[in-house]
Every structure is written in C-alpha cells, then in structure tokens.
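Visitor: Got a structure to walk through. Can you take my questions as they come?
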Amino acid sequence: MSSDTNKLLKQLDKKELYEIAKLKRINIPKDWSKTLIVELLGLNVSKKDIQTIVTKPSLMRASTKTRDGSAIIIKDLVKQFEDVTAVDGLNLEINEGELFGLLGPNGAGKTTTINILTGTSKPTKGTAIVRGYDVTKNLKEIKTLIGVCPQEAAVFKFLNARENIELFGSLHSMPKKELEERTDTLLELLDLAKVSKRKAKGYSGGMLRKLNLITALISDPEIAFLDEPTVGMDPRARRATWKFIESLKNQNKTIILTTHYIEEAEALSDRVGIIDYGRLIDLGPPQELMEKHGTKNLEEVFLKITGRRILEGI
Ligand SMILES: Nc1ncnc2c1ncn2[C@@H]1O[C@H](COP(=O)(O)OP(=O)(O)O)[C@@H](O)[C@H]1O
Ligand SMILES: [Mg+2]
C-alpha cells in the first residue's frame with residue numbers, strides 16, 4: 001500500500017470513492033466509514049488508476065482540487081507574547097477553494113493565527129505562505145488577494161452601512177458602478193438593505209458583524225478570513241450568514257473561518273483544524289473526525305482528545 005495513494009483517496013468524498021470502487025469492481029457495503037473505504041481502496045488501486053478515474057467528468061471537482069494545490073501553507077509557526085505561547089509550532093495546509101474551519105476554545109490561538117496570515121501580527125518563528133507569497137516578506141501582494149473580517153468589528157460608527165462599504169470598496173480601487181451594484185447585492189443578501197441609511201452607531205452587535213462581513217468581502221477577494229463572523233447574532237441572522245458563507249464556497253473561494261460554535265464548523269467546513277493551546281490537535285473533514293473518534297459531533301471529538309469542552313472556556 002502506498003501512502004501517496006491513500007493521500008489521494010482521502011481528498012475524494014465518499015460518493016467519489018464509491019464510484020472508484022464500482023469502476024474497479026470492488027464491492028463496498030453501503031454503511032462503511034470513509035476511513036475504512038480509503039484503507040480498502042488503498043490496497044486495491046494504484047495512483048495511476050485514481051488519476052485515470054478522476055478525469056471522468058463526474059469527478060472533475062476532485063481533480064481540480066488536486067491540481068490547484070494549496071492556498072495557504074503554515075510552516076512551524078510560533079507566536080510568543082511575553083509568557084504566553086499563543087501559537088506553538090503550527091503546521092497546516094489549506095487547499096484552494098476549501099472552506100476551512102479553525103475550531104478551538106477561547107484563547108486557543110485562532111485570532112493570533114489569522115492576524116499573522118493577514119499581516120496584522122508578525123510571527124516569532126516560522127512563517128506562512130499565502131498563494132506563494134511569504135507573510136514575512138510579501139505582505140503587500142497578499143493584501144490584494146485577501147478579505148478580512150476581524151474578530152473586533154472594524155467599521156466607522158459615524159458612517160451608515162452603505163458609506164462604510166463604499167469606503168472599503170474605494171480602498172480597493174473598485175470601479176464605482178461595480179461597487180454600487182455589489183453593495184446593493186450584499187446588503188440585500190445579509191438583510192441590511194432596510195437599515196443601510198442608518199449610522200452604524202445605532203447597530204446591534206449582530207448587525208455590526210454583518211456589516212463587517214460585507215466590508216471584508218466587497219472587493220470579491222479570492223481568499224477570505226472570517227474571524228468569529230457570527231458572534232452576537234441571533235439565530236435567524238446566524239442562519240442567514242451561514243447561507244451566505246455557503247454561497248461563497250460555491251463560488252470556489254478559499255475561506256478560513258474561525259469559530260467556537262461547533263455546529264457552525266460542522267455544518268460549513270470541508271475540513272476543520274481543531275486547535276488547543278496554539279497546537280493542532282486534529283485535522284480532517286468533520287464527518288471523518290467524528291467517525292475516527294466514534295462521536296456524534298465535533299464537541300465530543302474535542303472532549304475525547306483533551307478531556308475538556310470547547311465551550312467551557314467561553
Ligand atoms: N496582544 C497580545 N498580548 C498578549 N497576549 C495575547 C495577545 N493576543 C493574544 N494573546 C494571548 O494569546 C492566546 C491566544 O489568543 P487568541 O489568538 O486571541 O485566541 P482565540 O482567538 O483562539 O480565542 C491567549 O492566551 C491570549 O490571551
Ligand atoms: Mg479569537
């Protein structure tokens with residue numbers, strides 16, 4: 001068995017794995033876990049087999065994913081704040097077009113990681129490469145590719161929603177017409193159109209988060225960093241925001257979402273990285289992690305690994 005073959009197989013989803021099994025005339029029971037299927041196929045198919053098979057149109061999505069490679073590569077990243085090691089030797093690759101959930105309790109190092117990837121904080125050691133650019137050397141190039149919705153709302157309270165959005169859009173030198181049209185669409189999608197003429201000063205926490213999400217995405221960035229985008233939202237607003245984030249995923253954007261809402265990470269992410277004390281403690285598609293640990297949800301996965309609850313620290 002070659003581990004390369006298994007690596008390739010792991011990138012496919014269950015439906016795709018069953019297609020490969022069918023083509024190779026291997027019978028796999030309906031209720032097998034992905035891990036088991038990968039193990040079995042790994043013994044029976046070669047790398048070449050997979051490459052031939054994934055060029056079938058129904059499997060093109062997977063082959064594109066493989067060809068496109070990594071959007072972000074985090075290498076031995078360390079961030080030290082006096083006596084606190086906020087990020088402690090993090091290694092992680094995030095694929096192009098992936099919705100990656102960074103999940104962990106308060107103080108795990110999620111925001112610090114995002115801050116380093118987006119250039120508002122410098123690594124103590126190690127580095128990260130965003131689309132081939134190094135955060136310690138080529139921040140200017142990185143900034144043109146990314147949109148950031150920081151944990152602390154970054155909007156001007158004395159401007160209304162539309163003015164805020166148009167201000168951020170003009171910072172990206174967006175053509176006026178495109179900016180206006182996109183502003184209208186995003187205000188409508190996030191249900192802020194009706195209040196868009198009111199100054200942000202009077203907005204609720206949830207409304208500010210939505211506005212912040214729009215300003216982060218106004219330039220239609222290839223890579224979006226969303227740090228706790230739904231904090232302070234009521235359930236209805238949260239659902240609307242999830243739907244919106246899902247629509248970004250369908251546009252093949254790369255999205256890095258940090259959250260301590262387990263349900264959110266579970267529902268949206270292609271893969272999650274669970275972090276604790278600045279270290280990656282597990283990584284994979286939510287379903288696969290739950291199968292591997294024999295749990296019903298990601299909270300239990302965290303509990304099994306650490307003996308603590310994610311929400312305990314909140
Ligand atoms: N500017 C700072 N100065 C000192 N300590 C910090 C600073 N920023 C974050 N920390 C500490 O680093 C750790 C990770 O914080 P953070 O990245 O904000 O976690 P998360 O976003 O996962 O809640 C925490 O212990 C926090 O107190
Ligand atoms: Mg945070």
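Guide: What follows covers domains, sheets and helix packing in a predicted model.

Visitor: Domains, then. Which residues go where?
Guide: The domain assignment gives domain 1 as 3-67. Domain 2 comes in two pieces, 96-120 and 132-313.

Visitor: How far apart are the C-alpha centres of domain 1 and domain 2?
Guide: They lie 31 Å apart.

Visitor: And how many residues does each domain put into the contact?
Guide: Domain 1 gives four residues and domain 2 gives five.

Visitor: What sort of residues are on the domain 1 side?
Guide: Two are polar and two are charged. No nonpolar residue is among those that touch domain 2.

Visitor: Switching to sheets. What is the strand order in the open sheet of four strands?
Guide: The order is β2-β1-β4-β5, and the pairing is antiparallel.

Visitor: Which strands stand at the edges there?
Guide: β2 (84-95) and β5 (133-134) do. Each has a single partner strand, so one side of each is left without a neighbour in the sheet.

Visitor: How many bridges join β1 to β2?
Guide: Nine, and the two strands run antiparallel. One pair to look at is Q80 with T85, its bridge partner in β2.

Visitor: What about the turn between β1 and β2?
Guide: The two strands form a hairpin with two residues between them. In that turn, E82 has a positive phi of about 45 degrees.

Visitor: OK, next sheet. What is the order in the open sheet of six strands?
Guide: β6-β7-β8-β3-β9-β10, with mixed pairing. The edges are β6 (146-149) and β10 (279-284). Both have a single partner strand, so one side of each lacks a neighbour in the sheet.

Visitor: How much does that sheet twist?
Guide: The twist averages 15 degrees from one strand to the next.

Visitor: Is the pairing of β3 with β8 parallel or antiparallel?
Guide: Parallel, over five bridges. Strand β3 covers residues 99-103 and strand β8 covers residues 254-259. F100 stands opposite I256 in β8.

Visitor: Helices now. At what angle do α8 and α10 pack?
Guide: About 25 degrees, with the axes 8 Å apart. Helix α8 is residues 161-171 and helix α10 is residues 205-217. That angle makes α8 roughly parallel to α10, because angles under 35 degrees count as roughly parallel.

Visitor: Is the crossing left-handed or right-handed?
Guide: The crossing of α8 and α10 is right-handed.

Visitor: Which residues make the contact?
Guide: From α8, A161, N164, I165 and F168. From α10, L211, I214 and T215. By class, the contact has five nonpolar residues, two polar and no charged.

Visitor: Where does α10 lie on the sheet strands?
Guide: α10 lies across β6 and β7 (223-227). Against β6, α10 runs at about 170 degrees.

Notes. Residues are numbered from 1 along each chain as its sequence is written. Chains are lettered from A and ligands numbered from 1 in the order in which they are written. This is a predicted model: local features need pLDDT of at least 70, side-chain atom pairs count only at pLDDT 80 or more; totals for chains, interfaces and linings use all residues. Two strands pair if DSSP finds at least two bridges between them. Domain bounds come from an automatic or database domain assignment. Two residues are in contact if their C-beta atoms, placed from the backbone, lie within 7 Å. Ala, Val, Leu, Ile, Met, Phe, Trp, Tyr, Cys and Pro count as nonpolar, Asp, Glu, Lys and Arg as charged, and the others, Gly among them, as polar. Axes are lines fitted to C-alpha atoms, for helices over the stretch in contact, and angles run from 0 to 180 degrees between N-to-C directions. Angles under 35 degrees count as roughly parallel, over 145 as roughly antiparallel, 65 to 115 as roughly perpendicular and the rest as oblique. A crossing is left-handed if the near helix is turned anticlockwise from the far one by less than a right angle, and right-handed if clockwise.
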